[in-house]
Each structure stands twice: as structure tokens, then as C-alpha cells.
Amino acid sequence: MDNPGAKKTCCESIRDFFTSAKFLIYMGHALSTWGDRMWNFAVAVFLVELYGNSLLLTAVYGLVVAGSVLLLGAIIGDWVDRNPRLKVAQTSLLVQNSCVIVCGILLMLVFHFKEQLADLYNGWILTSCYILVITIANIANLASTAMSITIQRDWVVVVAGQDSSKLADMNATVRIIDQLTNILAPMLVGQIMAFGSHFIGCGFISGWNLCSMCVEYALLWKVYQKTPALAVKAGQKEQQQELKQLSPTKDLENGQSPEESSQPLMNETSVVAKSDSPKKHSCCYQMTEPLRTLKAGWVAYYNQNIFFAGMSLAFLYMTVLGFDCITTGYAYTQGLNGSVLSLLMGASAISGICGTVAFTWVRKKCGLIRTGFISGMAQLSCLMLCVISVFAPGSPFDLSVSPFQDLYTHLIGETTLPEAVHSLTSLNTTTPTTAAPTEEMPPLQSYMSVSLLFAGVIAARVGLWSFDLTVTQLIQENVIESERGVINGVQNSMNYLLDLLHFIMVILAPNPEAFGLLVIISVSFVAMGHMMYFRFAFRSLGSRLFLCCSPEQKVEAVDSPSLPTTV
């Protein structure tokens, strides 16, 4: 007979971990993120290849994706809140993977029959295929947004229970998975397309999503079975409690027993529902319901006590200081090749992982809110290197060159707009002015500016990812369960809004001489974001923000904030 109090063996502990709901969430998230990273990398390459090495389709796709999440983020979050958790997760999973599979098959057909499609109806069939691919890919991204909200912002909180340390560890592990897949997944699909073809790449991604969808579906079901708390949402519990409280009160007022008054109460409820049904089911009411949901979501977000913390995170998206196409294109204009950039991206990923590990350690020592303050100061300090790089030797920064000159030339002159975008996102080998000025100064001095720039960007990733995890957990712990979806949906919309603004900023000033101005503007927005977080932190802790506290005081004062006042 087994002794319940006996200590578990090493094999039993390992078995329990690999069968726990926490590990199953990690596995499902790794599979989902791997597929997302492969698709996000490949779809941009496919669109460039299909449109004759032009960035037009890629730009349109990015604009459609960002605009859709900006407009529909609150509505997606509201849908997550209103429906059972398992239904939301399964529906999002099926829609996302099915759309990617359909897109992959459609792209395979376009690659194989591109010449024939271009000759049909003056190319309108091919153009329709482009529109269809972008539309379906956008639906896949919206489903991915819903999946991210429900798993990373809701399921993780429920699985962690009331343990704040466990929640922090789970958030950090999920972010480490994001960092690793962000590097490894594009490398894999890139090698497949390099040694095979784009046709084979499309087929591989479609096959991967088909297999991954089946495995993820099974993992979601296992997590749902192992965590009974996922079966009931807060809204359902509150409705049941309100009905139980309402029945005895009405019974006492009428002098009836609960059994006698139960039927009249149902009749009154049905009468009220019938009287309101013509108004609520009218055509005009249903057509304006998404607008009301959108407004209610933004109002609820504004009334949260973590409003300034969420806004501070959104402001960090208004920056060119990241490893996206903008910074990569600028690096090419300064003479860095693809091999050096790949090493820099690897160093950036390692720095991000260090940031997630540092988050868990600092949070245990200083508390959650102080961790965000410390992370913000660390990020800003590192970004000062980027500001210094603007004025360092080798920098192309020149205030005498109008930031809008390149855009004006391309809009008024004979050069097309895609070439204007191309001037910053690729190296123009035919124009000597875009090459690194190695003849005018020593090589070490010519690379001083770009070296300082990337040193600051890479070092700042430690503070950036630690700060991101801090705000994420603040939202998880402070937003009530019935509003997690809509609040996180609005947060995603804010992130995409500031991300759109940074692309517009680059379009207005695309020449390398103006990149230094973009760096200064980016650091200014990051500073404003951290000022917002400082206001939130000071309102939450007051002067205790600058004081050290014992673990007992820290947990009570910082890690257990009161629930916010909601609309």
C-alpha cells in the first residue's frame, strides 16, 4: 500500500512535470509560436517574390494586418470574454491553422501557374489571388491574436492559480519560447526555401500547420481536463450568485417560500426579456453592436488602474530601435553584411532571454512594480548609446538634408514609391552614396556609429523584455477575469497603433541622413512611456517605490494589488 505522505522519487517528479498542465501549455505554445514565426517570415518573402522584388505587397499586407487589429482588437477581446474558454481556444486554433494551410496551397498554385495567371483577363486573376492571399492571411492573424489573448493572458493565469511567483515563472518561460522560436523558426524555413524553392516552402508550412493543429488541439483538451477552474468563468459565477441572492430577497418581501416564488420570478424575467427583445433584435441595434462593443472596450481600458502601465508599454512600439526591416535596412546602408546582422540578431535573442531570467530574480527581490521601474531605467540608460551614435564619427546624420527630400523626390520625380521605401530597406549597390564611407576615414572610425547603435539596441533588450513581462503580469493580476479579453484586445490595438505611427514616421523620412532624427524621436517616445509607468508606480507605492522592503512586506504591498474599479 502506497504511503500518501511519502516523498516522490526523481522519476515520479519528472513524470508529473511532463504531464502537468503547465508543461502542456508550454508545448502547445511552442508549436503554435513556431508555426507563426515560420509563416510571418515566409509570407513577407513570398509577397516580395511574387510582385517582382517590390515591397508593395508586403507593405499592403502589413498595413492591413495592423489596421485590422487596431479596429477589431476590442471586439476580439469581447468575444473571448463572452464565450467558454475551450470553445474560444479551439475555434481560434482551427481558424488560424486552416487559413494558413489554405494560404499555403493558394501560394503554391500561384507560384506554379504564375505566367498563365498573368495572361488571363489582363492579369486580374493574378491580382485577385494576391488580394485573396492577403485577406486570408489577415484572418489568420486575427485568429492568432484571439489565441494569444486566451492562452497567454487567461489560461496561464488560471493554471498558475493564486501563486504570483508561479505566474511570473510561467510568463518568463513563455517569453523564452518566443525568443527561441523567433530565431530558429525563420532559419529553418529560410534554409528550406534556399536549398529547395518557394513552392516547397509553401508546402512545408502548410504541412506543418496541419500536423501542429492536431497536436495542439489534443494538448488544449488535456490542459482543460487537468485544470477544472478553466471550465467556469467569473461572469457565469457572478450570475449564479446574483440569482441566488435575488430569490431569497424577493421571497422575504412577498412572504413566500423560495419554492413558491421561483415560478413567478421566471415569469417576470421572461416578460422583461420579451419587452426588450424587439429593441435589441432590431436591425439597426444589431448593426451598431460592434461599435458599442468597441466603445465600451476602450472606456473600460481607460478606467483600469493599470491604464498608464499599459500605455507605457504601447509607447515602446513607437521606435526604430529594433531588429525589424527598418533597422536592418539602415545597417545595410552602413556597410554591414548579412552574416554580421545574423550574429547581431542572435546576440539580441540572448539578451532578451537574459531579460526574462532577470525579471524573475528582480521580482522576487524587489516586487513586481519596482521591477518595471528598474527595467525601464535600465532600458533608457542603454538607449543613450543609440543617441550618442547619432553624433559619433561615421554617422550619416545631416540636418542640412531635409528629412522629406527623399519622399518629395520620389513622389514628384520619375522614381516610383516602392523604390523610395526600398532606399532604406535594402542596399542600393548602384548608388555610391549609400555605401559606407570607408575611403574618407579609417575603417574602425567609420563603423563607430553603427557599432554604438547596435550595442545600445542589444543591451536595451534586457530591460525591454523584463519591462514587457512586468506590464503583462500587472494586467493579468489587476484586470478582473470577466474583462481580461477585452482589456488585452485594446492593449493589442494600442500596440499596433504606435507601431503604425513608427512606420509612417519612416515613410516620411526614409533617407539614411534622417535616421539619426528617427533615433532621437524613438528614444523620446520610450522616455515618455517610462514616465507614464513612473506615474503609475508612484501612485501605487508612493515614496515606498524607492525603498527596499522585506519579502513579506513586498508580497503584501506590491504583488497583491486591489482589484480595479470597472465600468
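These are my notebook entries on a predicted model.

**Ground rules**

I number residues from 1 along each chain as its sequence is written, and I leave hydrogens and water out, using heavy atoms for side-chain values. Since the model is predicted, I ask for pLDDT of at least 70 for local features and 80 or more for side-chain atom pairs, while totals for chains, interfaces and linings use all residues.

**Entry 1: the whole chain**

I began with secondary structure and found 22 helices and zero strands. Helices here are DSSP runs of H or I with at least four residues, strands are runs of E with at least two, and both are numbered from the N terminus. Of the 567 residues in the chain, 46% are buried. For burial I use relative accessible area: under 20% is buried, over 50% is exposed, and anything in between is partly exposed (1.4 Å probe, protein chains only).

I then looked up the contacts, meaning heavy atoms within 4.5 Å. Among contacts with a separation of 6 or more, 84% are between residues 24 or more positions apart. The accessible surface comes to about 28400 Å², and 66% of it belongs to carbon and sulfur atoms. Areas come from the Shrake-Rupley method with a 1.4 Å probe; for residues, only the protein chains shown count as cover.

**Entry 2: salt bridges**

How many salt bridges does the structure hold? I have seven in my list, each a side-chain nitrogen of Lys or Arg within 4 Å of a carboxyl oxygen of Asp or Glu.

I turned to arginine 175 next. Its side chain meets that of aspartate 178 at 3.5 Å, N to O.

**Entry 3: arginine 85 and its surroundings**

Arginine 85 and aspartate 154 meet in a salt bridge of 2.7 Å, N to O. The pair links distant parts of the chain, with arginine 85 in helix H4 (residues 85–112) and aspartate 154 in helix H6 (residues 124–160), 69 residues apart. I find both of them buried. They belong to a network of salt bridges that links Arg85, Asp154, Glu481 and Arg484.

I place it in the loop between helix H8 (198–226) and helix H9 (234–254). Is lysine 233 buried or exposed? At 10% relative accessibility it counts as buried. Leaving aside neighbours within four places in sequence, lysine 233 is in contact with Arg85, Asp154 and Glu481, and also with Val80, Asp81, Arg82, Asn83 and Pro84. Proline 84 is 149 residues from lysine 233 in sequence, yet their C-alpha atoms are 7.3 Å apart.

I looked up how H3 packs on helix H11 (residues 283–302): the angle is about 90° and the axes are 9 Å apart. Axes are lines fitted to C-alpha atoms, for helices over the stretch in contact, and angles run from 0 to 180 degrees between N-to-C directions. The two helices are therefore roughly perpendicular (65 to 115 degrees; under 35 is roughly parallel, over 145 roughly antiparallel, the rest oblique). On the H3 side I noted Leu70, Leu71, Ala74, Ile75 and Asp78, which meet Pro290, Thr293, Leu294, Gly297 and Trp298 in H11.

Helix H12 (residues 307–315) has eight of its nine residues buried, so it is largely enclosed by the rest of the structure. Phe307, Met311 and Phe315 are among the buried ones. The buried residues of H12 pack against H11, H19, helix H20 (484–508) and helix H21 (515–541).

**Entry 4: alanine 392**

My last stop was alanine 392, in the loop between helix H15 (368–391) and helix H16 (405–412). Alanine 392 is buried at 10% relative accessible area. Not counting residues up to four places away in sequence, alanine 392 touches Ser449 and Leu452. I also noted serine 446, 54 residues from alanine 392 in sequence and 9.3 Å away, C-alpha to C-alpha.
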